[in-house]
Amino acid sequence: MPNTKSAAKRVRSSRRKEKINQVHRGRARTADKKARRLIEEGRLEEAREAVRKAQAAFDKAAKKGVIHPNKSARRKSRLMNQLNQLEEQES
């Protein structure tokens with residue numbers, strides 16, 4: 001329970017921001033999981049598109065401050081490494 005008017009406002013604003021952040025974080029997680037699943041299944045063309053969408057979702061989340069930019073870069077790098085390994089296996 002906030003004791004001051006400013007504390008009450010901070011509670012309201014942080015709840016509002018939490019909902020917005022949840023959307024962007026959820027989109028990034030979902031896109032990441034989908035891309036990883038397609039890579040594991042060996043579906044190369046679909047995996048390429050899913051990785052592209054996951055990278056965009058990570059970039060948007062980092063731009064909005066939902067996740068740290070370095071975390072975004074690390075997750076994108078790991079996805080690309082997995083995709084590249086799949087491409088090497090296919091060829």
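1. The side chains of Asp32 and Arg36 form a salt bridge, with an N to O distance of 3.1 Å; the term is used here for a side-chain nitrogen of Lys or Arg within 4 Å of a carboxyl oxygen of Asp or Glu. Both residues belong to helix α1, 4 residues apart, or about one turn of the helix, where helices are DSSP runs (H or I, at least four residues) numbered from the N terminus. Asp32 is buried at 3% relative accessibility, whereas Arg36 is partly exposed at 22%; buried means under 20% relative accessible area, exposed over 50%, and partly exposed in between (1.4 Å probe, protein chains only).

2. On provenance, this is a predicted model, in which local features need pLDDT of at least 70 and side-chain atom pairs count only at pLDDT 80 or more, while totals for chains, interfaces and linings use all residues. Residues are numbered from 1 along each chain as its sequence is written, and side-chain values use heavy atoms, with hydrogens and water left out.

3. Arg75, which lies in helix α3 (residues 69–90), touches both partners of that pair, Asp32 and Arg36, as well as Phe58, when residues up to four places away in sequence are not counted; contact means heavy atoms within 4.5 Å. The C-alpha atoms of Arg75 and Ala35 are separated by 12 Å, the two residues being 40 apart along the chain.

4. Further along helix α1, Glu41 and Arg37 meet in a salt bridge of 3.9 Å, N to O, and these two residues are also 4 residues apart, about one turn of the helix. Glu41 is partly exposed with a relative accessible area of 42%, and Arg37 is likewise partly exposed at 39%. The pair belongs to a network of salt bridges that links Arg37, Glu41, Arg43 and Glu46.

5. In helix α2 (residues 44–63), Glu45 and Arg48 are 3 residues apart, so about one helical turn separates them, and the closest N and O atoms of their salt bridge are 2.6 Å apart. Glu45 is exposed at 57%, while Arg48 is partly exposed at 34%. A search of the whole structure finds 9 salt bridges.

6. Lys9, Arg10, Arg12, Arg16 and Lys17 gather in a surface patch of positive charge; such a patch is made of residues with over 30% relative accessible area and no salt bridge, like charges being joined within 9 Å. Lys17 is placed in helix α1 (residues 5–41) and is partly exposed, with a relative accessible area of 48%.

Conventions: Patches are made of residues with over 30% relative accessible area and no salt bridge: like charges are joined within 9 Å, nonpolar side chains (Val, Leu, Ile, Met, Phe, Trp, Tyr) within 5 Å. Accessible areas come from the Shrake-Rupley method with a 1.4 Å probe; for residues, only the protein chains shown count as cover. Lys and Arg count as positive and Asp and Glu as negative; His and the chain ends are not counted. The place of a charge is taken as NZ of Lys, CZ of Arg, CG of Asp or CD of Glu.
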